[in-house]
Amino acid sequence: MEMRKGVLAILALVLLCNLAVIANGDDQKTVVKIVKGKKVCTKGWECKDWSIYCCNLTVTDYFQTYQFENLFSKRNSPVAHAVGFWDYQSFITAAAMFEPQGFGTTGGKHMQMKEIAAFLGHVGCKTSCGYGVATGGPLAWGLCYNREMSPSQSYCDESYKYTYPCSPGADYYGRGALPIYWNYNYGAAGEALKADLLNHPEYIEQNATLAFQAAIWRWMTPIKKSQPSAHDIFVGNWKPTKNDTLAKRGPNFGTTINVLYGDQICGQGDIDPMNNIISHYLYYLDLMGVGREEAGPHEMLSCAEQQAFNPTTPASTSSS
């Protein structure tokens, strides 16, 4: 009898070591297990895949509705172009898809908040209709747009006709939170998100969750397999090579600008398009309570002297 009790006790201990359930503040359950000696977790709807990152704080643990409203305080002003489109829930729903991969869940709370501020800094700048004397200041107008207002072309690159052929009547102008341009970028994003964006690029300007998902996918995904993603650069997963160092590319915010926009913005000195992105990032750090001093010195924020990962080609001058 005593032996049986001992066996049961051991079995119970093993079960507890391999599967623990802990309630957190928003009634999600953190379920923990050990796989090949590593702790992995799942947290219900927000971080539902088994992942080491789901053992950390999730985005809703440190980024609330009021903070989203503070960052994008003028997005629903009458003069904004996407009134009623962007909202906190759409962002959180989109983020949940990528949290198991480390989006906003890498490192401790400090790094997590900095990454959300960095990502949204890019988003805010690229969707802003702010200007110098705008009410609330030029940095308060992020998420004013969800599409390019006066496209200069249809952005159809026929050299991709065998992989991402342009759909008749479709225009691949800039749409979304990190605007997507060109048929090949819509095609690649659509494959990743399981949405037919090649035939229906307009879906991006009709669904805010999908628009945020496409932007986070771009942040998390290398443009080329040999290159880092903006996420990996920012959180320190990427180690620069000797060539990167010679090109003045390091694991910092400035290099996220480079990998996303290349020589459209980087390698041109202290130009306004680069400084606007940096200003949004610093502003959001302040509003989130992290403080801009945590961003590091200007040389870590800048890509003014960096060589581009992907030099611009004549065929396609706009990034995704």
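This is a predicted model: local features need pLDDT of at least 70, side-chain atom pairs count only at pLDDT 80 or more; totals for chains, interfaces and linings use all residues.
A residue counts as buried when its relative accessible area is under 20%.

**Stop 1: H231.** Select H231, which lies in helix α8, residues 230-235. Is H231 buried or exposed? Its relative accessible area is 2%, so H231 is buried. Next, display the side chain of E115: the side chain of H231 makes a polar contact with it at 2.6 Å.

**Stop 2: helix α6.** Select residues 183-193, which form helix α6. Eight of these eleven residues are buried, and the helix is therefore largely enclosed by the rest of the structure. Colour the buried ones: N183, Y184, N185, Y186, G187, A189, G190 and L193. Then show α4 (88-98) and α7 (208-220), against which the buried residues of α6 pack. Just after α6, select K194, where phi is positive at about 55°.

**Stop 3: helices α10 and α11.** Select residues 253-261 for α10 and residues 272-287 for α11. How are the two helices arranged? They pack at an angle of about 130°, with their axes 11 Å apart, and α10 and α11 are therefore oblique to each other. Their crossing is right-handed. Now display the side chains at the contact: F253, I257 and Y261 of α10 meet M274, I277, I278 and Y281 of α11. By class, this contact has seven nonpolar residues, with no polar and no charged ones. The spacing along each helix may be compared with a general rule. An α-helix has 3.6 residues a turn, so residues three or four places apart point the same way.

Key. Residues are numbered from 1 along each chain as its sequence is written. Side-chain values use heavy atoms; hydrogens and water are left out. Axes are lines fitted to C-alpha atoms, for helices over the stretch in contact, and angles run from 0 to 180 degrees between N-to-C directions. Helices (H or I, at least four residues) and strands (E, at least two) are DSSP runs, numbered from the N terminus. Angles under 35 degrees count as roughly parallel, over 145 as roughly antiparallel, 65 to 115 as roughly perpendicular and the rest as oblique. A crossing is left-handed if the near helix is turned anticlockwise from the far one by less than a right angle, and right-handed if clockwise. Contact means heavy atoms within 4.5 Å. Ala, Val, Leu, Ile, Met, Phe, Trp, Tyr, Cys and Pro count as nonpolar, Asp, Glu, Lys and Arg as charged, and the others, Gly among them, as polar. Buried means under 20% relative accessible area, exposed over 50%, partly exposed in between (1.4 Å probe, protein chains only). A polar contact is a pair of N or O atoms within 3.5 Å; within protein, one must be able to donate a hydrogen and the other to accept it, and residues adjacent in sequence count only if both atoms are side-chain atoms.
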